[in-house]
Amino acid sequence: MFDRETLAEQAILVHVFFPQESACEDLHELQMLVSSAGVAELAVVSCSRSSIDARLFIGSGKAQEVAQQVTDLAATVVIFNHALSPAQTRNLERVLQCRVIDRTTLILDIFAQRARSYEGKLQVELAQLKHLASRLIRGFDNERQKGGIGLRGPGETQLETDRRLLRDRIAALNLKLEKVGKQREQGRKARQRAEIPVVSLVGYTNAGKSTLFNRLTQSEVYAADQLFATLDPTLRQVRLADFGQLIFADTVGFIRHLPHDLVAAFKSTLQESREADLQLHVIDVADPRIDDNMKQVQKVLQEIDADDLPQLCVYNKIDLLQQSSRIEYDQTGMPVAVYLSAQSGEGLELLAQAIVTLLSDSYQRLNLAVPTDAAQWRARLHEMGAVQQEQFDEQGICLLQIALAKPQWERLLKQSDGLLQNFIVST
């Protein structure tokens, strides 16, 4: 939605310290966002205020200081680490004589750069248009369209025309996303019918979710030390030792004050987190804002109704603190946290162990003796990825160790008219 040419590469950052915790933002995070957007930081202007100035957000005196910086450094964009109202943005641009964008606009632009899939591009455009609709303005005279013969009358202002076009485009995008959402839902239901557990990776942006996902699934999902490196969701089916088949889902990273329009637009994508059997909450253990980051993730999960699912905390980047990998358990002996390094691979076996423990209640483990005349059922179990060990005795009977979801086993029993029950040696 944004013209990449108009988002200048030379920026002055503005950060305001407020006493209210709800209005606080992190300056370092703004600098990371700016870097992730491919914008060069020229200078940072900061100040403290007890409240927001209704007209210029930072007050007229500080606005003049920023204007002087714009002139001295030849900056062409000023980025505020806060949400600005349309009127504040308009007033600031008149004073500063350059383009002004706020934190929400910056995040939306980064998402626009990162989107790769058809669904992701639709979601980002929808969020941008909804954000733009509340900020649509025209020149002072708000000229009306020129009339002609048969077209006399008050006419329609250009602003009204733009708003109507925006409404039409938003409606069209909603229809397209609804169709894509139905296709995604069909895939989700197919996985549910197969009774394959889904493990979703959630967490604050740049916590290392994609690096961990690549380690767990032997994939090559793009991962980088930047905010929102991964935007489009990725699912991979893998076979976990001593367990069986499961699906890992890598999702978009969260951030404090994530724009509401983005959460709404990405609702179908975030559904992967809501429908998971287990959430891996990936946490950057070396981040000084670790507690606040965890709260922000839980806040977004609550917003999408995904905060009541089983969750395992995965404290990543222990190598930066020179810690050792370990598992923490609760009073019942169930794992609640794993400390590891996705970059080096240290602790991955402990994570696999914790996942198996948390999901094992839903799995059936059996030893079968399958005779030669039932080879089709042996092939079926291999096809399902349920076979963990296999050997043959002297009579040619196949001895299998299998692990699969209980509903899968019950469905196989029904399909075989109970024949498989006769093959059970032990559980």
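Q: Why is leucine 301 called buried?
A: Buried means under 20% relative accessible area, while over 50% is exposed and anything in between is partly exposed (1.4 Å probe, protein chains only). Leucine 301 comes in at 0%, so buried is the word for it. Keep in mind that this is a predicted model, where local features need pLDDT of at least 70, side-chain atom pairs count only at pLDDT 80 or more, and totals for chains, interfaces and linings use all residues. Residues are numbered from 1 along each chain as its sequence is written, and side-chain values use heavy atoms, with hydrogens and water left out.

Q: Where is leucine 301 found, and which residues does leucine 301 touch?
A: You'll find leucine 301 in helix α10, residues 290–303. Helices here are DSSP runs of H or I with at least four residues, strands are runs of E with at least two, and both are numbered from the N terminus. Contact means heavy atoms within 4.5 Å. Leaving aside residues up to four places away in sequence, leucine 301 touches Val202, Phe254, Gln279, Ala306, Asp307 and Gln311. Take phenylalanine 254: it sits 47 residues from leucine 301 in sequence, with 9.3 Å from C-alpha to C-alpha.

Q: What makes α4 roughly antiparallel to α5?
A: Angles run from 0 to 180 degrees between N-to-C directions, using axes fitted to C-alpha atoms, for helices over the stretch in contact. Under 35 degrees counts as roughly parallel, over 145 as roughly antiparallel, 65 to 115 as roughly perpendicular, and the rest as oblique. Helix α4 (residues 103–114) and helix α5 (residues 118–133) pack at about 155°, their axes 9 Å apart. So α4 is roughly antiparallel to α5.

Q: Which residues make the contact of α4 with α5?
A: On the α4 side they are Thr104, Thr105, Leu108, Asp109, Phe111 and Ala112, and α5 brings Val124, Ala127, Gln128 and His131. Sorted by class, that's five nonpolar, four polar and one charged. (Nonpolar covers Ala, Val, Leu, Ile, Met, Phe, Trp, Tyr, Cys and Pro; charged covers Asp, Glu, Lys and Arg; the others, Gly among them, are polar.)

Q: How do you know that β1 and β2 pair?
A: Two strands pair if DSSP finds at least two bridges between them. Strand β1 (residues 10–17) has eight bridges to β2, and the two run parallel. Within this pair, glutamine 10 stands opposite alanine 40 of β2.

Q: Why do β2 and β4 stand at the edges of the sheet?
A: The open sheet has four strands, ordered β2-β1-β3-β4, with parallel pairing. β2 (40–48) and β4 (99–101) each have a single partner strand, so one side of each is left without a neighbour in the sheet. Ignoring direction, neighbouring strands are turned by 20° against each other on average.

Q: What makes β10 and β11 a pair?
A: The bridges again: four of them join β10 (residues 326–329) to β11 (residues 335–339), in the antiparallel sense.

Q: Is phenylalanine 57 buried or exposed?
A: Its relative accessibility is 2%, so phenylalanine 57 counts as buried. Phenylalanine 57 lies in the loop between β2 and α2, and its phi is near 65°, positive in a residue other than glycine.

Q: And why is asparagine 206 called buried?
A: Asparagine 206 has a relative accessible area of 17%, so the label is buried. Asparagine 206 belongs to the loop between β5 (198–203) and α7 (209–217).
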